[in-house]
Amino acid sequence: MTIKLEKIVPWGRNLDEYISMFDLTPEEKKFKIIDCAAGPSSFNYEMTFERYNVISCDPIYKFNADEISQRIQATSQNIIDQIKANYDTFVWQNLQSPENLLKVRMAAMEKFLLDFPNGFQEKRYLTAELPKLPFDNHRFDLALCSHFLFLYSEHLSA
Ligand SMILES: C[S@@+](CC[C@H](N)C(=O)[O-])C[C@H]1O[C@@H](n2cnc3c(N)ncnc32)[C@H](O)[C@@H]1O
């Protein structure tokens with residue numbers, strides 16, 4: 001699939017959110033982890049900072065940090081407007097409000113943007129996409145995939 005810059009809508013979560021979503025234990029954090037469809041999440045940055053081992057894959061990594069940042073600026077308010085329009089369909093237990101959600105997402109994506117140029121050089125961020133990834137079998141102990149499979153189910157078969 002060839003993705004175009006003007007089509008991407010970057011949106012990324014942080015390490016605490018990944019820990020809650022996947023119920024990650026301290027032992028599992030030590031695994032060799034692949035985060036597929038990682039987007040502009042700060043999971044890789046925060047895990048690397050804590051000296052864990054994560055490789056993130058996403059087709060948007062073909063763009064540079066400035067290009068991804070430009071799309072974040074162009075699209076984030078629209079996402080929040082849509083969330084506000086569908087306010088009652090969300091559970092606001094953790095993030096409390098659309099304004100706070102935006103603040104938390106932007107903080108995660110800013111961390112990603114700062115880390116991305118170095119991380120790309122270090123091959124912690126790889127431009128790759130499902131259904132085929134460029135890794136040998138048994139390369140990882142744990143594969144994480146957040147906010148992709150159901151969102152993109154029209155594009156990929158089971
Ligand atoms: C909603 S974001 C989720 C980002 C991150 N996992 C999180 O939860 O914060 C979905 C991501 O899936 C990526 N994506 C789209 N098609 C993909 C594919 N075929 N393989 C892997 N990732 C893909 C998009 O570029 C986007 O960054």
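Select Asp-58 together with Ala-38, and you will find that a polar atom of the Asp-58 side chain lies 3.5 Å from the backbone nitrogen of Ala-38, a polar contact in the sense of a pair of N or O atoms within 3.5 Å, where within protein one must be able to donate a hydrogen and the other to accept it, and where residues adjacent in sequence count only if both atoms are side-chain atoms. This is a predicted model, in which local features need pLDDT of at least 70 and side-chain atom pairs count only at pLDDT 80 or more, while totals for chains, interfaces and linings use all residues. Residues are numbered from 1 along each chain as its sequence is written, and side-chain values use heavy atoms, with hydrogens and water left out.

Asp-58 itself belongs to the loop between β2 (53-57) and α4 (65-85), the helices (H or I, at least four residues) and strands (E, at least two) being DSSP runs numbered from the N terminus. Apart from neighbours within four places in sequence, Asp-58 is in contact with Ala-37, Ala-38, Gly-39, Leu-126, Thr-127 and Ala-128, contact meaning heavy atoms within 4.5 Å.

Next, go along helix α4 to Thr-75, which is buried with a relative accessible area of 8%. Leaving aside neighbours within four places in sequence, Thr-75 is in contact with Ile-8, Val-9 and Pro-10. If you then select Pro-40, you will see a residue 35 places from Thr-75 in sequence and 13 Å from Thr-75 in space, C-alpha to C-alpha.

Finally, turn to Leu-15 in helix α1 (residues 15-22), where a relative accessibility of 3% means that Leu-15 counts as buried. Beyond its neighbours within four places in sequence, Leu-15 is in contact with Ser-42, Phe-43, Glu-46, Met-47 and Glu-50. Selecting Phe-116 as well shows a pair that is 101 residues apart in sequence and 16 Å apart in space, C-alpha to C-alpha.

Note on methods: Buried < 20%, exposed > 50% of the residue type's maximum accessible area, 1.4 Å probe, protein only.
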